[in-house]
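Visitor: I would like to learn how to read a few features of a protein model. Please take them one at a time.

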Amino acid sequence: MTRVSLSRLPGDRVLVVEGDGQRELPMTDLASYVGEREADEPRWVWDDTVRWYPSLLAAGVRVQRCHDLRLGHQLLRRAPAVDAQLLVGDQSTHWDRLGPSVPSDPALFSIDDTAEHLRTDLEDARQLAAVAASSDAPKLGLLLAAESAGALVAVEMTYAGLPWRTDVHERLLTDLLGPRPPRGARPQKLEALVAEVRGAFDAPGLNPDSRPDLLAALRRAGLEATDTRKSSLRALKHPGIAPLLRYKQLAHLFQTNGWAWTDEWVKGDRFRPAYQPAGSTTGRWSSNGGGALSFPAIVRPAAVADDGWMLVVADVAQLEPRVLAGMSGDRALARSARGADLYQGMVDDGAVASRTDAKLGLLGAMYGATSGESGRMVPGLTRRYPDAFGLVEEAARAGERGQVVRTLLGRGSPALGEAWERDPDDPPPDADSQARYRRAYGRFTRNFVVQGTGAEWALCWIADLRNRLWRLGDSGPLDARPHLVFFLHDEVVIHTPAALADLVAAEAAEAAATAAGLLFRDLTIDFPLNISTVRSYADAGKPGAAIEA
DNA sequence: TGCAAGAGCGCC
DNA sequence: AGGGCGCTCTTGCA
């Protein structure tokens, strides 16, 4: 496959290296050059997708594949199967330090002090060599390709944006909170709730946002409260609790997804969050802006397809338990995973009495629950599904011994002490806190292998889906084709011309099967999707909504 | 005055 | 004695 690396040079020029040949271009010619070369389907190699791809998209150029060296470097440096020494060389310390770049950074295409003239071809050669020399080359190769495809998806989704009806959003806010208040003030309905809470607790100056204030008021009312969490408050009996809970819910909406949020994140009928592929150590994405990955259900009614378009919403049912079945090769769990409901499958196989028990037991095993209803289910299920439960148990023990663990495709966990930088002035931790810390790390490694492999499955899914959607759109312009507009760990939203919605839904399911084949080739694991075709995101998942419109 | 940490809630 | 994130507010300290 043709591999073309792009490096930025001073004076807004680009160095293009391909095999033994190289040439220079002015930055202004880049989009047309890339557009023409796309016919050869090359893999574009660049330092950071966010630094190159947005301007190409803006020029109407879509790229089929790339290799994101920043993500690759980060991944390979920590991959247990890779000899990290092979990544050392000219400028490699710079690659070590390279953090994510911010899409809104105005310095995007100007050469500045922080963006040295990195020779991407040199780093590319090191990464290729490091993969080739590893004991896990095919899997790492797949992981790098998926990671880079994810980086393309992330930029494309920011570019496209989630279709957003500001009028619907504001009507929703006004209904729940009252009219938009002046800066710094509470909306009417929140203020009314505060008054109600103050009255109920006979605390005229109470600030419900202040924990000490609130605890004092609760105690004065004779309630035993040690924290102000929703779940704790719900257990208390007092006339002030209901308005307090209502206040907390609505205040959260006002603060995180209220008018200020719209002002900042919604432009031109689109919500455009910035995604950060592999932003979490497990390989899951994070987002830095707009709280895209904690996008609350309460505002989803405002995500509405354009006229003549629809949203196809697809999520995987029980992604992580299915991934666990696949990576552990647990045939019993794989059998229970046949069909749309894995937990029900466990009941039907006679492993547990109820669906609730199945869910509690599996989640307990994946998160490391040691007590409670969840922890109690684990021993029985371990006998039933020894390979699956054994895998997470072994990952936990490895963590407690201080060893790193890896995902199916070879992403390594951070080391035990990595996030634990002690102040040298502090006394050394005693044996108890060391043991506590090791157990916590064990819970982390236990979850890491499943969450991380789940993220890999999802990357393969969206990478394949992205290509399928592109082919489906045939030859239309970029913004007239079906495209991904949202991705949330195990769920995607596709904005599509209404006429293509059924085809889009079918492609989403096909892509899921492709991802399963890529990761677990010899073992058949079902990854059934819940798919809805809807006008508004809020209608996804509701029975009957799929046919509507 | 500004920053970091903690609490709490949202999502998976 | 349950994993991963981001965001906003308050508090405590410099």
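Visitor: Is Glu394 buried, partly exposed or exposed, and at what relative accessibility?

Guide: Buried means under 20% relative accessible area, exposed means over 50%, and partly exposed is in between, with a 1.4 Å probe and protein chains only. Glu394 counts as partly exposed, at 36% relative accessibility. Before going on: this is a predicted model, in which local features need pLDDT of at least 70 and side-chain atom pairs count only at pLDDT 80 or more, while totals for chains, interfaces and linings use all residues. Residues are numbered from 1 along each chain as its sequence is written, chains are lettered from A and ligands numbered from 1 in the order in which they are written, and side-chain values use heavy atoms, with hydrogens and water left out.

Visitor: Which side chain meets Glu394 in a salt bridge?

Guide: A salt bridge is a side-chain nitrogen of Lys or Arg within 4 Å of a carboxyl oxygen of Asp or Glu. The partner of Glu394 is Arg401, at 3.1 Å from N to O. Arg401 is partly exposed too, at 48% relative accessibility. Elsewhere, salt bridges with shared partners join Glu18, Arg37 and Asp40 into one network.

Visitor: How many salt bridges does the structure hold?

Guide: There are 25 salt bridges. One of them links Asp121 to Arg119, with the closest N and O atoms 2.7 Å apart. Asp121 is buried at 16%, whereas Arg119 is partly exposed at 29%.

Visitor: Which parts does the pair Glu156 and Arg466 tie together?

Guide: Helices (H or I, at least four residues) and strands (E, at least two) are DSSP runs, numbered from the N terminus. Glu156 and Arg466 form a salt bridge of 2.6 Å, N to O. Glu156 belongs to helix α6 (residues 137–160) and Arg466 to helix α19 (residues 431–472), so the bridge connects parts 310 residues apart in sequence. Glu156 is buried at 17%, and Arg466 is buried at 5%.

Visitor: What is the strand order in the open sheet of 3 strands?

Guide: Strands of a sheet pair through backbone hydrogen bonds, either parallel or antiparallel. Two strands count as paired if DSSP finds at least two bridges between them. Here the order is β6-β8-β7, with antiparallel pairing. The edge strands, β6 (162–163) and β7 (266–267), each pair on one side only. Between β7 and β8 (residues 270–271) there are 2 bridges, and Val266 has Phe271 of β8 as its bridge partner.

Visitor: Which domains does the assignment give for chain A?

Guide: Domain bounds come from an automatic or database domain assignment. For chain A it gives domain 1 (1–161), domain 2 (166–263) and domain 3 (321–452). The C-alpha centres of domain 2 and domain 3 are 37 Å apart.
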